[in-house]
Amino acid sequence: NASRLLGKTVIVTGASSGIGAATAVLFAKGGSNVILIARRADALKKVSDACAAAHKESGLRQGGKFAAVQLDVSDKAQVATLWDKVPQDLRNVDILVNNAGFVLGVEHVGDIKPEDVESMFSTNVFGLISMTQLLIKDFKAKKAGHVINLGSIAGLEPYAGGSIYTATKHAVRAFTGSMRRELVNTPIRVTEIQPGMVETEFSITRYRGDINAAGKVYEGLEPLTAADIAEEIVWAAARPPHVNIAEMLVFPVNQA
Ligand code: NDP
């Protein structure tokens with residue numbers, strides 16, 4: 001029931017494009033307040049404006065507060081000072097969507113640059129952990145909260161050319177599963193969403209800006225859209241408080 005999200009405050013990391021942007025807009029449409037986090041301020045502003053438009057169109061009175069926060073989740077100092085950048089009336093957060101993440105390159109192990117290894121782990125794993133640690137203190141204090149982490153099919157099945165990315169997503173799965181077990185018998189919920197192929201800027205980053213190579217990934221397939229995954233995230237968040245969607249693996253129909 002979407003009414004459970006009315007007036008809630010949600011943080012979405014990686015909200016400047018793709019799944020994060022679609023998720024922010026869908027929460028906005030459902031009457032939630034949203035703190036949007038990413039590194040590109042201009043793109044973030046556009047999504048924040050889209051949130052405001054979606055909320056206005058919904059006609060709902062609840063929600064409608066949005067903050068675009070330029071922040072690199074891989075930078076621990078920036079994460080530690082997040083609240084300085086968030087307006088006072090948005091600091092009581094109900095849901096954290098840890099969505100920021102990427103894959104850089106398709107090289108084999110011997111060819112991967114150390115800086116690429118570091119950047120993938122810094123965002124996909126350490127950034128997700130820093131954000132979670134920041135919020136979990138508040139969630140424990142107020143005895144409520146929901147952490148929703150973006151894993152991937154790559155967190156279940158390794159693939160050739162994806163050693164580092166799949167390692168980061170296996171780490172996300174291990175971290176999320178352990179945390180969920182730690183929080184059993186508390187009102188804090190923990191969910192991992194594991195998408196298959198979704199058409200976003202993800203592929204462009206993977207091929208380091210080569211649009212042609214990025215587009216070829218989806219040839220002959222009908223990939224999921226960012227909105228498809230946003231719907232699953234918002235649906236999981238809107239379950240009754242005693243229901244915890246632990247994991248959700250979502251594929252396009254033509255992905256094996
Ligand atoms: P996009 O590239 O469209 O979005 C990634 C988002 O993460 C961008 O908003 C980017 O914004 C943000 N981001 C990256 N690094 C940081 C950082 N250090 N700090 C803050 N924000 C950051 O890809 P998707 O929407 O597809 O990906 C979202 C999530 O879904 C990722 O975790 C990805 O691994 C996962 N996923 C995607 C799949 C797919 O096929 N697309 C499949 C399975 C999982 P900015 O550059 O402005 O910081």
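How do the residues of the shell around the ligand divide into nonpolar, polar and charged? I counted 14 nonpolar, 14 polar and 4 charged. I keep in mind that this is a predicted model.

**Entry 1: the ligand shell**

I stayed with the ligand. I found 32 residues surrounding the ligand. The closest are Gly-14, Gly-18, Arg-39, Arg-40 and Gly-101. The largest share comes from α1, with 3 residues.

**Entry 2: the annotated stretch**

I looked up the UniProt record. The entry is unreviewed, and its annotation "domain: Ketoreductase" covers residues 8-201. Over residues 8-201 I read 43% helix and 19% strand. The end C-alpha atoms of that stretch are 28 Å apart.

**Entry 3: β2 and β3**

I started on the strands with β2. I saw that β2 pairs with strand β3 (residues 66-70) in the parallel sense, over 5 bridges. How does the chain get from β2 to β3? It crosses through helix α2 (residues 41-58), and this β-α-β crossover is right-handed. I also noted one bridge by residue: Ile-35 has Ala-67 as its partner in β3.

**Entry 4: β5 and its two partners**

I moved on to β5 (145-150). Is β5 mostly covered or mostly open? It is mostly covered, and 6 of its 6 residues are buried. I checked which way they point. Gly-145, Val-147 and Asn-149 point one way, while His-146, Ile-148 and Leu-150 point the other way. Both sets are buried.

I then looked for the partners of β5. Strand β4 (residues 95-98) pairs with β5 in the parallel sense over 4 bridges. Here Ile-95 stands opposite His-146. I traced β4, α4 and β5 as a right-handed β-α-β unit.

Strand β6 (residues 188-195) also runs parallel to β5, joined to it by 6 bridges. In this pair Ile-148 stands opposite Thr-191. From β5 the chain crosses through α5 to β6, and I noted this β-α-β crossover as right-handed too.

**Entry 5: Ile-95**

I went back to Ile-95, which is found in strand β4. Why does Ile-95 count as buried? It has 26 other C-beta atoms within 10 Å, and 20 or more make a residue buried. I listed its contacts, not counting residues up to four places away in sequence. Ile-95 touches Lys-8, Val-10, His-146, Ile-148 and Ala-237. I also took one distance: Ile-95 and Arg-239 are 144 residues apart along the chain, and their C-alpha atoms are separated by 13 Å.

**Entry 6: two residues between β5 and α5**

I looked at the loop between β5 and α5 (163-182), where Ile-153 lies. Ile-153 counts as partly exposed because it has 17 C-beta neighbours inside 10 Å. Leaving aside neighbours within four places in sequence, I found Ile-153 in contact with Gln-194, Gly-196 and Leu-249. I set Ile-153 against Ala-43: they are 110 residues apart in sequence and 27 Å apart in space, C-alpha to C-alpha.

Gly-161 is found in the loop between β5 and α5 as well. With 16 other C-beta atoms within 10 Å, Gly-161 is partly exposed. Which residues is Gly-161 in contact with, leaving aside its neighbours within four places in sequence? I found Val-106, Glu-107 and His-108. Gly-161 and Leu-150 are 11 residues apart in sequence, and I read 20 Å between their C-alpha atoms.

I checked backbone angles last. Most residues other than glycine have a negative phi. I noted two residues with a positive value.

Asn-185 has a phi near 70°, and it is not a glycine. I found Asn-185 in the loop between α5 and β6. Asn-185 is exposed, with 6 other C-beta atoms within 10 Å.

Arg-208 has a positive phi of about 50°, and it is not a glycine either. It is found in the loop between α6 and α7 (211-216). Is Arg-208 buried or exposed? I count it as exposed because it has 12 C-beta neighbours inside 10 Å, and the cut-off for exposed is 12 or fewer.

Note on methods: Residues numbered from 1 in each chain as written. Predicted model: local features only at pLDDT ≥ 70, side-chain atom pairs only at ≥ 80, totals over all residues. UniProt positions renumbered as here; feature names shortened; annotations may be inferred. Near = placed C-beta within 6 Å. Nonpolar A, V, L, I, M, F, W, Y, C, P; charged D, E, K, R; others polar. Contact = placed C-beta atoms within 7 Å. Pairing = 2+ DSSP bridges. Right-handed = clockwise from strand over helix to strand, strands pointing away.
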